Amino acid sequence: MEELLRVGVISSTHGVRGEVKVFPTTDDPERFRLLKEVLLDTGREKLSLKIQNVKFFKNMVILKFEGYDNINQIEMYRGKELWIRRDQAVELKENEYFIADLVGLTVIDDEEKVLGTLTDVIQTGANDVYAVKLENGKEVLIPAIRQCILKVDLEAGMMKVHVLPGLMD
């Protein structure tokens with residue numbers, strides 16, 4: 001399991017006082033109100049940044065970090081990712097998983113036959129869809145609904161699915 005979880009990407013600066021606009025990559029942007037710090041991936045290292053202020057504008061989160069008081073100090077971080085440690089993550093409900101934990105799972109069908117590897121989770125609004133790269137190189141999309149997802153075992157690195165008729169055609 002991943003120890004760090006991505007929560008956002010700095011898209012641009014906001015004003016001249018060191019604030020940044022962040023595109024949230026978490027299901028609940030409101031969670032930024034509870035965060036005290038994030039890790040900024042500079043490409044060379046992960047900098048710990050303390051959050052001083054949080055605001056919201058449209059689909060973006062506006063963050064102000066302690067010690068960054070003008071646009072020149074923060075502009076170089078445009079496009080960089082913000083991460084948190086797993087112990088800072090929100091509590092998940094039963095049968096909820098972090099996308100980072102699902103990607104890479106071996107997918108088997110209800111007859112224990114290996115189908116392939118889960119490569120992506122597509123968030124559609126109604127329900128997620130799991131992209132599975134089959135052993136023959138093709139891709140199948142499996143809806144993340146109770147009828148299809150029979151079991152997820154993160155420790156074993158496995159997901160058991162029921163493939164609905166027509167999905168493999």
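**Exercise 1. Salt bridges**

Find how many salt bridges the structure holds, and work through three of them.

*Solution.* 
Step 1. Begin with the criterion: a salt bridge is a side-chain nitrogen of Lys or Arg within 4 Å of a carboxyl oxygen of Asp or Glu. By this criterion the structure holds ten. This is a predicted model, in which local features need pLDDT of at least 70 and side-chain atom pairs count only at pLDDT 80 or more, while totals for chains, interfaces and linings use all residues. Residues are numbered from 1 along each chain as its sequence is written, and side-chain values use heavy atoms, with hydrogens and water left out.

Step 2. Take Asp101 and Arg86, whose closest N and O atoms are 2.7 Å apart. Helices (H or I, at least four residues) and strands (E, at least two) are DSSP runs, numbered from the N terminus.

Step 3. Now look at accessibility, with a 1.4 Å probe and protein chains only: buried means under 20% relative accessible area, exposed over 50%, and partly exposed in between. Asp101 has 8% and is buried.

Step 4. Turn to Asp87 and Arg85, which form a salt bridge at 3.3 Å, N to O. Asp87 is exposed at 63%, and Arg85 is partly exposed at 34%.

Step 5. Finish with Lys46, whose side chain meets that of Asp41 in a salt bridge (3.5 Å, N to O). Lys46 is partly exposed, at 39%.

**Exercise 2. Rings**

Which residues form the aromatic pair, and which ring has the charged end of Lys46 over it?

*Solution.* 
Step 1. Rings of Phe, Tyr and Trp (its six-membered ring) pair if their centres lie within 6.5 Å; planes under 30 degrees apart count as stacked, over 60 as edge-to-face and the rest as tilted. The structure holds one such pair.

Step 2. The partners are Tyr68 and Tyr77, with 6.2 Å from centre to centre and 70° between the planes, which makes the pair edge-to-face. Both Tyr68 and Tyr77 are buried.

Step 3. For a charge over a ring, NZ of Lys or CZ of Arg must be within 6 Å of the ring centre and within 35 degrees of the ring normal. The charged end of Lys46 sits over the ring of Trp83, 5.7 Å from its centre.

**Exercise 3. Positive phi**

Locate Lys58 and Asn95, and give the phi of each.

*Solution.* 
Step 1. Lys58 is in the loop between strand S4 (46-57) and strand S5 (60-65). Its phi is near 55°, a positive value in a residue other than glycine. At 74% relative accessibility, Lys58 is exposed.

Step 2. Asn95 lies in the loop between S6 and H2. Asn95 is not a glycine either, yet has a positive phi of about 65°. With 60% relative accessibility, Asn95 is exposed.
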